[in-house]
Amino acid sequence: MKVLVTGGAGYIGSHMIRELTGRNHEVAVLDTLERGNRQAVKGATFYTGSITDDALLDRLFEQEKPEAVIHFAAYKAPGESMSEPTKYFRTNVGGTVSLLDTMARHNVRHIVFSSSCSIFGNPQQLPVTEDAPRSPESVYGETKLIGETLLKWYDKTLGIKYSALRYFNASGASLDNTIGEDWTRTYNLIPIVMKAALGKAPSITVFGTDYATPDGTAVRDYIHVVDLAVAHIKALEQIISTNQSTAYNLGTGVGHSVQEVITATKEISGVDFAVEYGPRRPGDPAAVWADCSKAERELGWKAQYSLDTILRTAWKWHSTHPDGYKTEGEA
């Protein structure tokens with residue numbers, strides 16, 4: 001099958017390409033390279049550009065003739081989205097409209113959408129199920145929720161079938177240490193902790209120590225990026241075989257606190273790096289983890305890798321690529 005991966009030079013997208021090519025699918029990639037890395041893309045036809053560029057999308061679809069789309073292209077920093085909402089709405093929402101319209105024009109009827117647990121905001125009950133109330137607390141979360149709404153109506157009106165995958169905290173690196181997260185372009189906890197362990201940052205700051213959690217720090221569901229990529233394959237296969245649209249929460253079903261991540265990283269790295277403790281950040285929920293039983297039941301998918309594997313692969317990647325992909329001397 002020929003698959004277009006938007007945002008394929010990004011952290012999750014590059015792991016997605018590995019899974020697709022490893023299963024002998026043909027892959028075309030569209031990425032602006034604003035926050036992605038060309039070096040992370042191997043074995044795929046590459047186009048530089050934005051999903052907001054209708055002419056480029058038409059040319060790509062005419063030349064590559066993809067049979068399905070896996071859509072990652074988006075800005076994804078909740079904090080930034082609150083200060084730059086226009087950028088997020090224009091790309092995450094407007095770009096998704098352009099992509100769906102192009103799919104309709106070229107009779108491509110299957111898409112896997114990169115959604116987010118941020119659509120749920122501060123959940124009222126744990127674990128979070130697919131039908132939990134949606135209440136985003138950032139512009140970013142709202143753009144993902146709007147994306148799911150767009151998919152629902154493009155299905156009803158144009159027959160484009162979708163799987164919306166709401167993932168929790170994507171983490172870790174490839175098991176063979178060839179691709180990973182570029183920490184020069186991330187706001188995620190684990191690479192920030194790795195920076196402190198490697199002496200690339202003076203300390204790690206914990207925001208909030210008075211949550212109603214076992215150790216007072218916030219709890220999140222960390223899922224290995226390879227597990228996520230495999231879930232996308234299964235979701236794509238499902239919508240093609242059933243021609244039915246759906247949505248899934250993707251996590252491990254287990255929550256780990258910020259303090260647990262820090263303590264485990266100290267053990268794995270052997271470095272007792274400095275930790276500072278600060279006040280809570282507005283909008284940060286105390287605890288979030290997923291109910292993944294629907295994905296296990298319907299996709300036959302379950303996360304295979306633990307927090308220990310996540311941290312060990314992340315440590316190996318960051319310790320051997322301290323300057324991201326630039327470490328390899330390729331830009």
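In the predicted model, helix 2 (residues 54–64) and helix 4 (residues 85–105) cross at roughly 40 degrees, and their axes come within 10 Å. Axes here are lines fitted to C-alpha atoms, for helices over the stretch in contact, and angles run from 0 to 180 degrees between N-to-C directions. Helices (H or I, at least four residues) and strands (E, at least two) are DSSP runs, numbered from the N terminus. The crossing of helix 2 and helix 4 is right-handed; a crossing is right-handed if the near helix is turned clockwise from the far one by less than a right angle, and left-handed if anticlockwise. Asp54, Leu57, Asp58 and Phe61 of helix 2 meet Ser98, Leu99, Thr102, Met103 and Arg105 of helix 4, where contact means heavy atoms within 4.5 Å. The residues of this contact divide into four nonpolar, two polar and three charged. In this grouping Ala, Val, Leu, Ile, Met, Phe, Trp, Tyr, Cys and Pro count as nonpolar, Asp, Glu, Lys and Arg as charged, and the others, Gly among them, as polar.

The model is a prediction, in which local features need pLDDT of at least 70 and side-chain atom pairs count only at pLDDT 80 or more, while totals for chains, interfaces and linings use all residues. Residues are numbered from 1 along each chain as its sequence is written, and side-chain values use heavy atoms, with hydrogens and water left out.

Helix 4 also packs against helix 5, at an angle of about 20 degrees and with the axes 10 Å apart. Helix 4 and helix 5 are therefore roughly parallel to each other; angles under 35 degrees count as roughly parallel, over 145 as roughly antiparallel, 65 to 115 as roughly perpendicular and the rest as oblique. Helix 4 passes helix 5 in a right-handed crossing. The contact of helix 4 with helix 5 comprises 14 nonpolar, three polar and one charged residue. Among the residues that meet are Tyr88, Phe89 and Leu100 in helix 4, and Ile146, Leu150 and Tyr154 in helix 5.

A further pair is formed by helix 8 (residues 258–269) and helix 10 (residues 307–320), which pack at about 55 degrees with their axes 10 Å apart. These two helices, helix 8 and helix 10, are therefore oblique to each other, and their crossing is right-handed. Val261, Ala264, Thr265, Ile268 and Ser269 in helix 8 meet Leu307, Asp308, Leu311, Arg312 and Trp315 in helix 10. By class, this contact has six nonpolar, two polar and two charged residues.

Two loops hold backbone features. Pro127 lies in the loop between strand 5 (110–116) and helix 5 (139–158), and the peptide bond from Leu126 to Pro127 is cis, with omega near -5 degrees. Leu33 is in the loop between strand 2 (26–31) and strand 3 (45–48); phi of Leu33 is near 65 degrees, a positive value in a residue other than glycine.

In total, the protein has 10 helices and 13 strands. The radius of gyration, taken over C-alpha atoms, is 19 Å, close to the 20 Å that the globule rule gives for 331 residues, so the protein is as compact as a globular protein of that length. The globule rule is 2.2 Å times the number of residues to the power 0.38.
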